[in-house]
Amino acid sequence: MSDAPAKVFPKRIFSGIQPSGGLTLGNYLGALKRFAVAQDEGIETVYCLVDLHAITVWQDPGKLRHATRELAAGFIASGVDPARSILFNQSQVPAHAELAWIFNCVARMGWLRRMTQFKDKAGKHAEEASVGLFAYPNLMAADIMAYHATHVPVGEDQKQHLELTRDIAIKFNHDYGVDFFPVVEPVIEGAATRVMSLRDGTKKMSKSDPSDQSRINLTDDADAIAQKFRKARTDSEPLPETVDGLDGRAEARNLVNIYAALADVTPAQVLAQFGGQGFGTFKPALADLAVAKLTPISAEMKRLMQDVAEIDRVLGVGAERAHAIAEPVLDQTREIVGLIRSRGR
Ligand code: AQP
């Protein structure tokens, strides 16, 4: 590579969510709520329903279609405006899959073997896992780099994948002697970058956890939300007065962080209000807050899902806009790599 100063790429935000089940409070606080806020920062925002990622584990085709539309409704109901952001499903823009293949040839086996998400998801059955699940981070790198995105808002669990994305960009640029792909910045911010299971404060809240009691779904009604917080696992001590007092109390910390993120305050402010009080007081207050914030979203999702043709139309328009950005990036990538394009010329 030349000694010229590194290229400065214009800021562009990209992020995605898998339609692999219903949305959780973790997806909302770690991703969706922040996606909506990012629209006001004067930077282009590209949001993707990553259906090709979802099929790295078996998905019933009818359920996948439903989950994709419901996820689109979840984005819109959470404040993502398809007129201001580009909102689409990944499989409608073929550049993602083609760029992922090129990145399959850049990333090293050893890099992927270190990914903890693969180890967590494949567990003891790694030999039976799909090749797609193993190569998942390369597709994620392609999702981001097809848009020359510079900033990626995600939850804490995606940090390692973003480090791999950076490594792929650096290796590609180095191997081909170019300054073509930006080295992305993970944006992991806020009080709830890692919302934990309500049953086990050491496990991430996840849409694919077998226990429905472990998570708040965006489609849960007020009774279900109240009941799940009431039954959430906690210790028997009152809440501490300061954040330090949450050390070693994973479940208490989780509920305080959820409250803070929903109320747009800091955990210290939550403890200033509730410190010294027991969970008998705090849990109902948390449930009331969650119901107030989440039930309008779930009502709007229900309303949007009554017109799936309109959802498909919105995704189609978003896919056209996404394709218009990604295809030229892919074309330049082919040129850099030495792949001849002469069809139709
Ligand atoms: N518990 C969480 N706390 C904070 N952020 C979270 N995210 C997911 N869970 C939490 C963030 O949501 C975005 C989309 O994630 P995803 O659906 O693409 O995949 P995931 O991270 O694997 O989420 P799940 O719910 O655990 O899905 P399954 O069960 O299908 O694997 C990301 O920004 C993620 O950080």
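Q: What makes up the lining of the largest pocket by class?
A: The lining of the largest pocket has 18 nonpolar, 19 polar and 9 charged residues. Ala, Val, Leu, Ile, Met, Phe, Trp, Tyr, Cys and Pro count as nonpolar, Asp, Glu, Lys and Arg as charged, and the others, Gly among them, as polar. The model is predicted: local features need pLDDT of at least 70, side-chain atom pairs count only at pLDDT 80 or more, and totals for chains, interfaces and linings use all residues. Residues are numbered from 1 along each chain as its sequence is written, and side-chain values use heavy atoms, leaving out hydrogens and water.

Q: How do you know what volume the largest pocket has, and which residues lie closest to its centre?
A: A volume is the space filled by probe spheres set on grid points, which are joined across faces, edges and corners; for the largest pocket this gives about 1200 Å³. Its lining holds 46 residues, with Q117, K121, D157, Q158 and K204 closest to the centre. Two or more lining residues come from each of β1, α1, α2 (51-54), α6, α7 (131-145) and β4 (151-153). These elements are DSSP runs, numbered from the N terminus: helices (H or I) of at least four residues and strands (E) of at least two.

Q: What makes a space a pocket or a cavity, and which of these does the ligand take up?
A: On a 1 Å grid over the protein atoms alone, a cavity is a set of points where a 1.4 Å probe fits but cannot get out, whereas a pocket is an open set with protein on both sides within 12 Å along at least five of seven lines; lining residues have an atom within 4 Å of a point. The ligand takes up the space of the largest pocket. Such a placement requires more than half of a molecule's atoms to lie within 2 Å of the grid points. In the shell around the ligand, β1 (12-17), α1 (25-38) and α6 (116-122) give two or more residues each. The greatest contribution to this shell, 4 residues, is that of α1.

Q: How do you know which residues surround the ligand?
A: A residue counts when one of its heavy atoms lies within 4 Å of the molecule. This shell has 23 residues, and K121, D157, S206, K207 and S208 are the closest. By class, 6 are nonpolar, 12 polar and 5 charged.

Q: What makes up the lining of the second largest pocket?
A: It is lined by 19 residues, with R34, V37, E41, E189 and G190 nearest its centre. Its volume is about 410 Å³. The most lining residues, 5, come from α1. The classes are 12 nonpolar, 2 polar and 5 charged.

Q: What lines the largest cavity?
A: The lining consists of M115, Q117, F118, L133, Y136, P137 and H161. Of these residues, 5 are nonpolar, 2 polar and none charged. The largest share, 3 residues, comes from α7. The volume of this cavity is about 40 Å³, and a search of the whole structure finds 1 cavity of 30 Å³ or more.
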